[in-house]
Amino acid sequence: MAPIAKKATKGKGPKITKKFIINASQPASDKIFDVSAFEKFLNEKIKVEGRVGNLGETIKISQVADGKIEIIAHNELSGRYLKYLTKKFLKKMQLRDWLRVVSTSKGVYELKFFNVVNDAEEEDDE
């Protein structure tokens, strides 16, 4: 006789809480990146349960310091998805050629400038 599989119950298990920080202080201090527009973009574009603009109480987005945005999620939210949305915003604002998104530690993403100066010096040498 085959063993009987237990069904997963939808009870209240441990709550998942993830904290992400997107640090855009370097481009924000140079006044080429608008942090409040990026915060608004994230509020409009993050999907919860397959629907855009369905944040509710599960995801909180707030501007912490100069150029830092903190995202606290009480559900499954991946850092790769936030990186994807950040790249999408940079492309929309035509900043993708100058800025890149780098993960400095777990849950922390930073916007950094490409090293353009070194490329120009190498071309002169040739």
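1. Two strands pair if DSSP finds at least two bridges between them. In this predicted model, strand β6 (residues 99-105) and β7 meet that rule in the antiparallel sense, over 6 bridges. Within this pairing, Val101 stands opposite Leu111 in β7. Ser105 has Val108 of β7 as its bridge partner.

2. Ile22 stands opposite Tyr109 of β7.

3. Now the whole sheet. It is open, has 5 strands and runs in the order β4-β5-β1-β7-β6, with mixed pairing. The edges are β4 (59-63) and β6; each has a single partner strand, so one side of each is left without a neighbour in the sheet. On average, neighbouring strands are turned by 20° against each other, direction ignored.

4. Helix α2 (residues 35-45) lies across β1, β4 and β5 (68-73). Its direction is at about 175° to β4. Which residues of α2 are buried? They are Val35, Phe38, Glu39, Phe41 and Leu42. These residues cover an arc of only 160° around the axis, which puts them on the same side of α2. Their cover includes β1, β4 and β5, together with the helices α1 (25-29) and α3 (79-92).

5. The largest nonpolar core has 26 residues. Those with the most contacts inside this core are Phe33, Leu42, Ile46, Ile59, Ile61, Ile71 and Leu77. Two or more residues come from each of β1, α2, β4, β5, α3, β6 and β7. In soluble globular proteins, nonpolar side chains tend to be buried together.

6. Ile59 deserves a look in the viewer. Leaving aside neighbours within four places in sequence, Ile59 is in contact with Ile46, Val48, Ile71, Ile72, Ala73, Asn75 and Leu77. Ile46, Ile71 and Leu77 are themselves among the core residues with the most contacts.

7. On charged pairs, the count comes to 4 salt bridges. One of them joins Glu76 and Lys18, with the closest N and O atoms 3.7 Å apart. This pair links distant parts of the chain: Glu76 is in the loop between β5 and α3, Lys18 is in strand β1, and they are 58 residues apart. Glu76 is exposed, at a relative accessible area of 57%. Lys18 is partly exposed, at 29% relative accessibility.

8. Glu70 and Lys19 form another salt bridge, at 3.1 Å from N to O. Glu70 lies in strand β5 and Lys19 in strand β1, so the pair ties together parts that are 51 residues apart in sequence. Is Glu70 buried or exposed? With a relative accessible area of 16%, Glu70 is buried, because the cut-off for burial is under 20%.

9. The side chains of Lys40 and Glu44 meet at 3.3 Å, N to O. The two residues are 4 apart in α2, about one turn of the helix. Lys40 counts as exposed, at 53% relative accessibility. Glu44 counts as partly exposed, at 39%.

Key. Residues numbered from 1 in each chain as written. Predicted model: local features only at pLDDT ≥ 70, side-chain atom pairs only at ≥ 80, totals over all residues. Heavy atoms only, no water. Axes fitted to C-alpha atoms, helices over the stretch in contact; angles between N-to-C directions. Contact = heavy atoms within 4.5 Å. Buried < 20%, exposed > 50% of the residue type's maximum accessible area, 1.4 Å probe, protein only. Arc of directions from axis to C-beta. Core = buried A, V, L, I, M, F, W, Y, C linked by side-chain atoms within 4.5 Å.
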